[in-house]
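Let's take a friendly walk through a folded chain.

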Amino acid sequence: MAKIIALMNQKGGVGKTTTTINLAACLAVAEKKTLVIDLDPQGNGSVSLGLDSSQHTNSNVYHAMIGRTDIREAIYETELPNLHICPSDNNLSGAEIELVSEFARESKLKTAFMPIMDSYDYILIDCPPSLGLLTVNALNAADSFIVPMQTEYLAMEGLAQLINTVKLIKANLNPALEMDGIVLTMFDGRASLHKQVSEEIRRHFGDKVFQAVIPRNVKLAECPSFGKPIILYDIESKGSEAYLALAKELIIKDRAQSVETQNGLPEV
Ligand code: ADP
Ligand code: MG
């Protein structure tokens with residue numbers, strides 16, 4: 001069964017899309033069958049993986065969520081054999097309004113996922129920069145979530161609201177939802193502010209902060225315009241190194257957790 005991870009932070013420009021795409025590509029390189037769900041109507045993730053919006057105007061995540069198409073019809077291949085994408089476009093911004101009056105509107109994505117749960121090791125959802133219905137759908141469908149966070153002044157502002165949303169989802173919709181952790185992004189080791197902020201976040205969240213830190217790296221900003229993840233654009237870059245380290249850390253954590261779960265099973 002796939003592990004479903006939502007990459008969320010209601011702030012824009014913190015590295016959600018960059019982290020989703022590049023973490024997914026590194027998981028794929030590690031032979032994990034991985035699907036990216038682009039749940040942001042801006043569709044940046046889809047473009048970053050080389051998709052042209054004209055390719056999927058009639059079959060993308062929007063159509064899968066409103067039940068107009070089977071999600072398998074809305075999944076596309078990428079340059080990496082183990083990496084697929086379910087893209088989005090501007091239509092998705094209408095979904096929040098269209099779904100408001102629908103029965104089980106928070107479960108549309110979860111229901112759409114059913115036919116593909118056994119086809120992937122990881123499903124990564126790139127959330128929009130809000131805590132609205134799309135993000136609620138992502139958190140309801142997910143096993144866990146990752147919060148990309150920029151090491152800038154006011155990084156933790158808004159976090160209380162984010163945690164409150166997660167608490168509401170756990171209490172009302174998805175009690176099993178867990179936090180994988182916080183990923184520090186766009187880190188500049190020469191800036192004392194970045195060091196201070198990252199220390200403060202680590203003090204606050206302890207081992208819930210991934211050891212792998214994503215540096216500010218111009219190659220990471222360049223690769224979306226070539227429709228390639230960093231690992232295919234420049235394998236030697238600091239950005240590649242960082243996302244490979246993040247993928248490794250996640251895989252090791254997940255393996256340890258699954259051993260723990262197995263050990264926890266009663267003898268039969
Ligand atoms: P979000 O999805 O949270 O809005 P993005 O991933 O789109 O954020 O990142 C915002 C902008 O910053 C994009 O232009 C992206 O290319 C750039 N960016 C993201 N991470 C890095 C990084 N580590 N180094 C340099 N530029 C980055
Ligand atoms: Mg984004």
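How many of the five residues of strand S2 (residues 34-38) are buried? Before answering, keep in mind that this is a predicted model. The answer is five of the five, so strand S2 is largely enclosed by the rest of the structure. Thr34, Val36 and Asp38 point one way from S2, while Leu35 and Ile37 point the other way. Residues on both sides of the strand are buried.

**The sheet**

Now step back to see where S2 sits. Seven strands form an open sheet with mixed pairing, in the order S3-S4-S2-S5-S1-S6-S7. Strand S3 (76-77) and S7 stand at the edges with a single partner strand each, so one side of each has no neighbour in the sheet.

| Pair | Sense | Bridges |
|---|---|---|
| S2 and S4 (residues 83-86) | parallel | four bridges |
| S2 and S5 (residues 122-126) | parallel | five bridges |
| S6 (residues 144-150) and S7 | parallel | seven bridges |

On the S4 side, Val36 stands opposite Ile85. On the S5 side, the bridge partner of Thr34 is Tyr122.

**An edge strand**

Is strand S7 (residues 178-185) largely enclosed or largely open? Six of its eight residues are buried, so S7 is largely enclosed by the rest of the structure. To get from S6 to S7, the chain passes through helix H7 (residues 159-172), and this β-α-β crossover is right-handed. Two residue pairs show how S7 lines up with its partner: Phe145 has Met179 as its bridge partner in S7, and Val147 stands opposite Ile182.

The buried residues of H11 are Gly239, Ser240, Ala242, Tyr243, Leu244, Leu246, Ala247 and Leu250. What covers them includes H1, S7, H9 and helix H10 (230-233).

**Around the ligand**

Helix H1 (16-29) and helix H9 (218-222) each supply at least two residues of its shell. The largest share, three residues, comes from H1. Which residues come nearest to ligand 1? Of the 17 residues around the ligand, they are Lys16, Thr17, Thr18, Leu220 and Ala221. Sorted by class, the shell has seven nonpolar, eight polar and two charged residues.

**One residue up close**

Finally, zoom in on Leu134, which is found in helix H6 (residues 133-141). Why does Leu134 count as buried? A residue is called buried if 20 or more other C-beta atoms lie within 10 Å of its own, and Leu134 has 25 of them within that distance. Leaving aside residues up to four places away in sequence, Leu134 touches Leu39, Ala95, Glu96, Cys127 and Pro128.

Technical notes: Residues are numbered from 1 along each chain as its sequence is written. Chains are lettered from A and ligands numbered from 1 in the order in which they are written. This is a predicted model: local features need pLDDT of at least 70, side-chain atom pairs count only at pLDDT 80 or more; totals for chains, interfaces and linings use all residues. A residue is buried if 20 or more other C-beta atoms lie within 10 Å of its own, exposed if 12 or fewer, and partly exposed in between; C-beta atoms are placed from the backbone. Two strands pair if DSSP finds at least two bridges between them. A crossover is right-handed if, with the strands pointing away from the viewer, the path from the first strand over the helix to the second runs clockwise. A residue is near a molecule or strand if its C-beta atom, placed from the backbone, lies within 6 Å of it. Ala, Val, Leu, Ile, Met, Phe, Trp, Tyr, Cys and Pro count as nonpolar, Asp, Glu, Lys and Arg as charged, and the others, Gly among them, as polar. Two residues are in contact if their C-beta atoms, placed from the backbone, lie within 7 Å.
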